[in-house]
Amino acid sequence: MRLSNIQIPRGTQDILPGVVEKWQFIEKKAKEICGKFQYKEIRTPIFEQTELFQRSVGDTTDIVQKEMYTFEDRGGRSLTLRPEGTAAVVRSYAENKMYGQAVQPVKLYYFGPMFRYERPQAGRYRQFVQFGIEAIGSDDPSIDAEVISLAMELYRELGLKKLRLVINSLGDSSSRKAHRDALIAHFKPSIGEFCGDCQQRLETNPLRILDCKKDRDHELMKTAPSILDYLNDESRSYFEKVKKHLTDMQIDFVVDPTLVRGLDYYNHTAFEIMSEAEGFGAITTLCGGGRYNGLVQDVGGPDQPGIGFALSIERLLSALDAEGVELPHEEAVDCYIIALGDEAMDYSMPLLQQLRREGFSAEKDYMGRKMKAQFKAAERLHAQHVLIIGEDELEKGLAVIKDLQTGEQKDVPLENIVSFLKREG
Ligand code: ATP
Ligand code: MG
């Protein structure tokens, strides 16, 4: 049976040549920066046991309740395509006993696809690529500032200027408990006016009512008790220290006490980076992160503190677009060989091989085109040089090398081609 009309799944995209170079550029930049900050790459599986996300991301979150791609494998195990990166990194940290490593804290980064069953729209995909980092094993406020600064540095290096860093503290568990009680008292009398999700959240995790997208304009949202009023001394001084480091590093930020992140595992520092570029659209969050002391223990490891962030490349690209920042995309060909006649054609194959081994990008015609059409092809590839070999030239042991930028043309002995091109650069 012939299948017709098969289309790409909803909420996914093909990244084609011409655009993929932007992705590669961003990936390269991210990896470079991680190198400078001494974060090492970790690659975990695309799928994990479903339970990992239920336990870490949290049973009551949108991700676990509505967005996971969960399936049973042939052995009857419940598996889930990873909706985010932190859970798996922390699982791997515990499983590989990285807390025993000599170098501490353990600083890791990942770069890869995540999967969420969401309603597709601009900036919201079902498969999207996240770059994220995790620093596990230190609860010094300076590492919080470092993590935030790494994200800011990536955006800065890529040329984004219209950014807004928003931070908050969710406090430690005793601060959160006091705040939770206050939230329940605040919302309970009027909870009937809120959406079904919020009604459930009141019991399970009232903090997340503040993160509700449907009820964000309700009067009670504005008057809700602020976590900052419930921080105990330790949490407060921790937060002050993080802010001081950011200020010292000249990283601008605003404190937003209503910032709560969608995942259950955060405490102390929480932050988001938004784009303030005009025309960016409704979804402006580029990056989200925070501290997750307690998570390592939740997935079966020792009590080790951690902090990290995740950002998606899709939204980063939209922000670059909105600010009109161009990333380099097409790589020009160094040398295009125009071979005329069978003998010259044959000669071009080992020559191509040699040029490529010498570090040049080199190309030739594979379509049996005439000379003029081959020139066109070379121009289309933005070739620096074309190298013309015909029967005559071969007999004389020469090639004609033409610089397509200057139009300059020279006869070069075949054995000098490589050194000539190297000189020309
Ligand atoms: P949102 O509130 O936009 O749904 P989130 O809280 O679910 O975001 P996180 O889980 O914190 O997002 O993920 C970190 C970052 O990953 C986000 O700031 C955003 O840049 C990006 N991201 C999240 N979901 C998607 C998606 N479906 N498509 C593209 N990027 C996404
Ligand atoms: Mg989401």
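Start by selecting Arg261, which sits in the loop between β8 (254-255) and β9 (267-275). The model on screen is a predicted one. Is Arg261 buried or exposed? Its relative accessible area is 14%, and the cut-off for buried is under 20%, so Arg261 counts as buried. Now show what surrounds this side chain. Leaving aside neighbours within four places in sequence, Arg261 is in contact with Arg208, Asp211, Tyr266, Ala270, Phe271, Glu272, Gly288 and Gly289.

**The ligand**

Begin with Glu118: an N or O atom of its side chain is 2.6 Å from a nitrogen atom of ligand 1. Move to Gln130, where a polar side-chain atom lies 3.0 Å from an oxygen atom of the ligand. Then take Arg315, whose side chain has an N or O atom 3.0 Å from an oxygen atom of ligand 1. How much of the ligand does the protein bury? Taken alone, ligand 1 exposes 590 Å², and the protein buries 92% of that.

**The annotated set**

Now select the residues that the unreviewed UniProt entry annotates as "binding site": Glu84, Gly85, Thr86, Arg116, Gln130, Glu134, Arg261, Tyr265 and Tyr266. From this set, Tyr265 and Tyr266 belong to the lining of the second largest pocket.

Keep Glu84 from this selection and centre on it. Glu84 is placed in the loop between β4 (78-81) and α4 (86-95). With a relative accessible area of 3%, Glu84 is buried. Its side chain reaches the backbone nitrogen of Thr86 at 3.4 Å, and Thr86 is also part of the annotated set.

**Backbone stops**

The next stops concern the backbone. Most residues other than glycine have a negative phi, and most peptide bonds are trans.

Go to Pro105, in the loop between α4 and β5 (106-115). The peptide bond leading from Gln104 to Pro105 is cis, with omega near -5 degrees.

Select Gln38 next, in the loop between α1 (20-37) and β1 (40-41). Gln38 is not a glycine, yet its phi is positive, at about 65 degrees. This residue is partly exposed, with a relative accessible area of 47%.

Then jump to His382, found in the loop between α13 (371-380) and β14 (385-389). His382 also has a positive phi without being a glycine, here of about 55 degrees. Its relative accessible area is 45%, which makes His382 partly exposed.

**Last stop: a helix residue**

Finish at Leu202 in helix α7 (residues 196-204). Leu202 is buried, with a relative accessible area of 3%. What does Leu202 touch, not counting residues up to four places away in sequence? The list is Ile184, Phe187, Lys188, Ile191 and Ile209. Draw a distance from Leu202 to Phe187, C-alpha to C-alpha: the two are 7.6 Å apart in space and 15 residues apart in sequence.

Notes
Residues are numbered from 1 along each chain as its sequence is written. Chains are lettered from A and ligands numbered from 1 in the order in which they are written. This is a predicted model: local features need pLDDT of at least 70, side-chain atom pairs count only at pLDDT 80 or more; totals for chains, interfaces and linings use all residues. Side-chain values use heavy atoms; hydrogens and water are left out. UniProt positions are given in the numbering used here, feature names are shortened, and annotations may be inferred rather than shown by experiment. On a 1 Å grid over the protein atoms alone, a cavity is a set of points where a 1.4 Å probe fits but cannot get out, and a pocket is an open set with protein on both sides within 12 Å along at least five of seven lines; lining residues have an atom within 4 Å of a point. Helices (H or I, at least four residues) and strands (E, at least two) are DSSP runs, numbered from the N terminus. Buried means under 20% relative accessible area, exposed over 50%, partly exposed in between (1.4 Å probe, protein chains only). A polar contact is a pair of N or O atoms within 3.5 Å; within protein, one must be able to donate a hydrogen and the other to accept it, and residues adjacent in sequence count only if both atoms are side-chain atoms. Contact means heavy atoms within 4.5 Å. Accessible areas come from the Shrake-Rupley method with a 1.4 Å probe; for residues, only the protein chains shown count as cover.
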